[in-house]
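Biologist: Please show me the model and its sequence. I would then like to go through the structure with you, one question at a time.

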Amino acid sequence: MKLVYFLIFIFLFAFSANAQIVINEVMYDPISSDSYNEWIEIYNNGNGNVNLSGWSLCDKKILKGYINTSGYLFRNETFILKSSSYAVITDGRISTTGGTDAYKNFDVDNDSVALHVDVNSLCGGLGNTQGIIILKDENNIVKDSVSYYNYWNSNNEGKSIELVNPSLNNNLSLSWNASLNFNGTPGSKNSNFLKIIFGDVSGNGFVSAYDASLILRYGAGKMSLSRIQFLSGDVNLNGIVNNEDSSLILKYVVKKIKELPIL
Ligand SMILES: [Ca+2]
Ligand SMILES: [Ca+2]
Ligand SMILES: [Ca+2]
Ligand SMILES: [Ca+2]
């Protein structure tokens, strides 16, 4: 009997180990020319390596390395994005125009994977008011997408928008912040990173029925939630904290579900 439980555990673990690539930071409005200095950081939030060969950004093919504005290709290294690793995607180049100055003007982490698109802009140029970013795999399946707005970083030219935790829903304003410093954190951990224990509304470091009861009190208008309490409590990542979340937390407490957050 114990062996059966063990096998079920391995089975569930294998499923939860699915790789997950997340749009994690966006420099849509750099201080210098937008044409050569926009970039998008992606992060592997899963447990396994992901091969990005054949993937596309806004339906433009993603290629290895980066091309500077003189047309030279650098860091033509790998498509493999390891677990808990970052890649930075920059403008590409068509014939004699385009390329990127991002590696000249930003402190791009050397440990990140360098990638570019096979056109001379990211998603047709990342809008400074709003924009849509779509990442697809080699089978044209959408793996992540973000529809961002400039109020997410208070319309702050030169500061990126950073996802505060890669497990959050990155289509919600509350999940993002302006980078603490100008030029953001391309290829490395976001400056606004928040550690989140999903379900732990009380903030005492573990998840219990008490956390579920706080959500019910919040729903009844008897208490308010801070930002971190709200993000921790929204365990189904739908941007609302309500009795669905409290019942999921209770299921997690009695081990009917294995992992939070859950979609
Ligand atoms: Ca722009
Ligand atoms: Ca970053
Ligand atoms: Ca708690
Ligand atoms: Ca929710």
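Modeller: Two residues are said to be in contact if their C-beta atoms, placed from the backbone, lie within 7 Å. The model is predicted, and local features need pLDDT of at least 70 while side-chain atom pairs count only at pLDDT 80 or more, although totals for chains, interfaces and linings use all residues. Residues are numbered from 1 along each chain as its sequence is written, with chains lettered from A and ligands numbered from 1 in the order in which they are written.

Biologist: How many helices and strands does the secondary structure come to?

Modeller: Helices (H or I, at least four residues) and strands (E, at least two) are DSSP runs, numbered from the N terminus. By this rule the secondary structure comes to 6 helices and 16 strands.

Biologist: What radius of gyration does the protein have?

Modeller: Along the principal axes, the C-alpha atoms fill a box of roughly 60 × 45 × 30 Å. The radius of gyration is taken over C-alpha atoms, and the globule rule is 2.2 Å times the number of residues to the power 0.38. For 263 residues a compact globule would come near 18 Å, and this agrees with the protein's 20 Å.

Biologist: How far apart do the C-alpha centres of domain 1 and domain 2 lie?

Modeller: Domain bounds come from an automatic or database domain assignment. The protein is divided into domain 1 (17–178) and domain 2 (196–263). The distance between their C-alpha centres is 31 Å.

Biologist: How do the residues on the side of domain 1 that touches domain 2 divide into nonpolar, polar and charged?

Modeller: The contact takes 6 residues from domain 1 and 7 residues from domain 2. Ala, Val, Leu, Ile, Met, Phe, Trp, Tyr, Cys and Pro count as nonpolar, Asp, Glu, Lys and Arg as charged, and the others, Gly among them, as polar. On the domain 1 side, the division is 3 nonpolar, 3 polar and no charged.

Biologist: What percentage of the residues count as buried?

Modeller: A residue is buried if 20 or more other C-beta atoms lie within 10 Å of its own, exposed if 12 or fewer, and partly exposed in between. Of the 263 residues, the buried share is 38%.

Biologist: Which residues touch the most other members of the largest nonpolar core?

Modeller: A nonpolar core is a set of buried Ala, Val, Leu, Ile, Met, Phe, Trp, Tyr and Cys residues joined through C-beta atoms within 7 Å. The largest such core has 44 residues, and those touching the most other members are Val-26, Ile-42 and Ile-89.

Biologist: Which element gives the most to this core?

Modeller: Elements that give two or more residues to the core include β2 (39–44), β9 (86–90) and β13 (130–136). The most, 5 residues, come from β1.

Biologist: Against which elements do the buried residues of α6 pack?

Modeller: In α6 (residues 243–253), the buried residues are Asp-245, Ser-246, Leu-248, Ile-249 and Tyr-252. Seen down the helix axis, they fall within an arc of 160° (taken from the directions from the axis to the C-beta atoms), so they line one face of α6. The elements they pack against are α4 (209–219) and α5 (227–233).

Biologist: Which elements are included in what covers the buried residues of α4?

Modeller: The buried residues of α4 are Asp-211, Ala-212, Leu-214, Ile-215 and Tyr-218. They cover an arc of only 155° around the axis, which puts them on the same side of α4. What covers them includes α5 and α6.

Biologist: Is Val-117 buried or exposed?

Modeller: Val-117 is in strand β12 (residues 113–117). Among the residues it touches, beyond those up to four places away in sequence, are Leu-57, Ile-62, Ile-89 and Leu-122. Because it has 23 C-beta neighbours inside 10 Å, Val-117 counts as buried.

Biologist: Is the peptide bond from Leu-260 to Pro-261 cis or trans?

Modeller: Pro-261 is found in the segment after α6. Omega of the bond from Leu-260 is near 0°, making it cis.

Biologist: What is the value of phi of Leu-237?

Modeller: Most residues other than glycine have a negative phi. Leu-237 is found in the loop between α5 and α6, and it is buried, with 20 other C-beta atoms within 10 Å. Its phi is positive, near 55°.
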